[in-house]
Amino acid sequence: MNRSSYIFTSESVSEGHPDKVADRISDTVVDAFLSVDPEARVACETLVTTNRVVLAGEVRAGKPDGDKKANKQLTKDIIASLEPKVRAAIKDIGYEQKGFHWQKAKYSNFLHGQSAHIAQGVDATDKKDEGAGDQGIMFGYASTETPELMPATLQYSHNVLKRLAELRHSGELSELEPDAKSQVTLEYDGNGRPVRVVSIVVSHQHKKKIDGKAATSKRVLDLIKPHILPVFPDGLITKKTQWLVNPTGRFEIGGPDGDAGVTGRKIIVDTYGGASPHGGGAFSGKDPTKVDRSAAYACRYLAKNVVAAGLADRCTIQIAYAIGVAQPVSFHVDLHRTGKVDPAVLEKILPQLIGGATPRAIREHLQLNRPIYARTAAYGHFGRTPDNEGGFSWEKTDLVSELKGLA
């Protein structure tokens, strides 16, 4: 039985949120390795806190069957080159605060070589194809709620913070600091279409004074509201929309100085805002042989193409792997009763469109072995625009013409 209406909420966090700072640094490490060796292995975790950055994890550069001494030296050289790249990433976000400064924060690097036991399961040999880096389940989702084919609550939450960040970087909103969170609640009609913004929540770090006066919730609201309104389609925001901006009052101490950040703690923000299931694996800090990342990208790619082809209004795809095994152990399609084609047909066809959905085939089809990951660390891995350098290739809809024939 369909409901006449319902309310749903999603949140986002800015590039200056402590967890996102950690994600950005971890993906900077991934890019640094892939820039030197497209086949590099990276599993980097980052901790940020008051004026401190700590890296840990497993890495490898060089061909598995190459000179071990040369590979070890190459890996060490890349590790040694990371500090200025990490500091540049923090500077780009905008942290020059007493409690967290791109130039003054203490830096510790505990990256080390990848486990040989993990490597033997992933690496291809004469007798087997490249296997999955771990067991796990991954999901992809698409919906007609927005032009980006993303859940509207999450897309608008991202867009709010992205717009405010652009204005902060340009200097137009120089009163704002990097750390921020947003939350959008929408009312949906019985067909799953957004009809009204119920509430908008924004907590944004700021300088002590706005317009020469001590910052208050009202002053921050007056500062940012005119820039938030254009983010939403006409008619969604009404007189009844509740605005909650810095509801606890002042928000001066933020970022890693206010709260420690760790890689991979914003997986729902990174994906679908709770509108879709999640397998539990984070993305940032992982090279594309890790199916937590690459297979989740492939699932989004396929789900988006299904919806873009008009085969359904909503599509969820699940894929599962076993460590060291190339072929998926399962592939599931759910069209949420909106489909124009039998999901079982898609379950047979979709994997073949990406080479059987093996880890190697996914990487090659989406061209993932490139330094394209730092740009994914904030404002979502999905619903973005593919760029000329190969970033967000999983957002392309180049399978649409082939899939339309199935309707």
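Student: Which strand and which helix each supply at least two residues of the lining of the largest cavity?

Tutor: In this predicted model, strand 5 (136-143) and helix 9 (291-308) each supply at least two residues of that lining. Strand 5 gives the most, with 3 residues.

Student: What can be said about the largest pocket, and which residues lie nearest its centre?

Tutor: The largest pocket holds about 640 Å³ of space, and 23 residues line it, with Tyr6, Gly190, Asn191, Gly192 and Arg314 lying nearest its centre. Strand 1 (5-13) and strand 5 each supply at least two residues of the pocket lining, and strand 5 also supplies at least two residues to the lining of the largest cavity.

Student: How should I read a sheet, and what is the order of the strands in the open sheet of 4 strands?

Tutor: In general, strands of a sheet pair through backbone hydrogen bonds, either parallel or antiparallel. In this case the open sheet has the order 4-3-2-11, with mixed pairing. Its edge strands are strand 4 (106-113) and strand 11 (261-262), each of which pairs on one side only. Strand 2 (residues 41-49) and strand 11 pair in the antiparallel sense over 2 bridges, and Leu47 has Val262 in strand 11 as its bridge partner.

Student: Which helix packs on this sheet, and which strands does that helix touch?

Tutor: Helix 1 (residues 18-36) packs on the sheet, where it touches strand 2, strand 3 (52-60), strand 4 and strand 11, and its direction makes about 150 degrees with that of strand 2.

Student: Which residues does the UniProt domain annotation cover?

Tutor: According to the unreviewed UniProt entry, the annotation "domain: S-adenosylmethionine synthetase C-terminal" covers residues 253-396. In the model, the end C-alpha atoms of this span lie 40 Å apart, and the span is 31% helix and 10% strand.

Methods: Residues numbered from 1 in each chain as written. Predicted model: local features only at pLDDT ≥ 70, side-chain atom pairs only at ≥ 80, totals over all residues. Heavy atoms only, no water. Pairing = 2+ DSSP bridges. Contact = heavy atoms within 4.5 Å. Axes fitted to C-alpha atoms, helices over the stretch in contact; angles between N-to-C directions. UniProt positions renumbered as here; feature names shortened; annotations may be inferred. 1 Å grid on protein atoms, 1.4 Å probe; cavity = no way out; pocket = protein on both sides within 12 Å on 5 of 7 lines; lining within 4 Å. Points joined across faces, edges and corners; volume = space filled by probe spheres on them.
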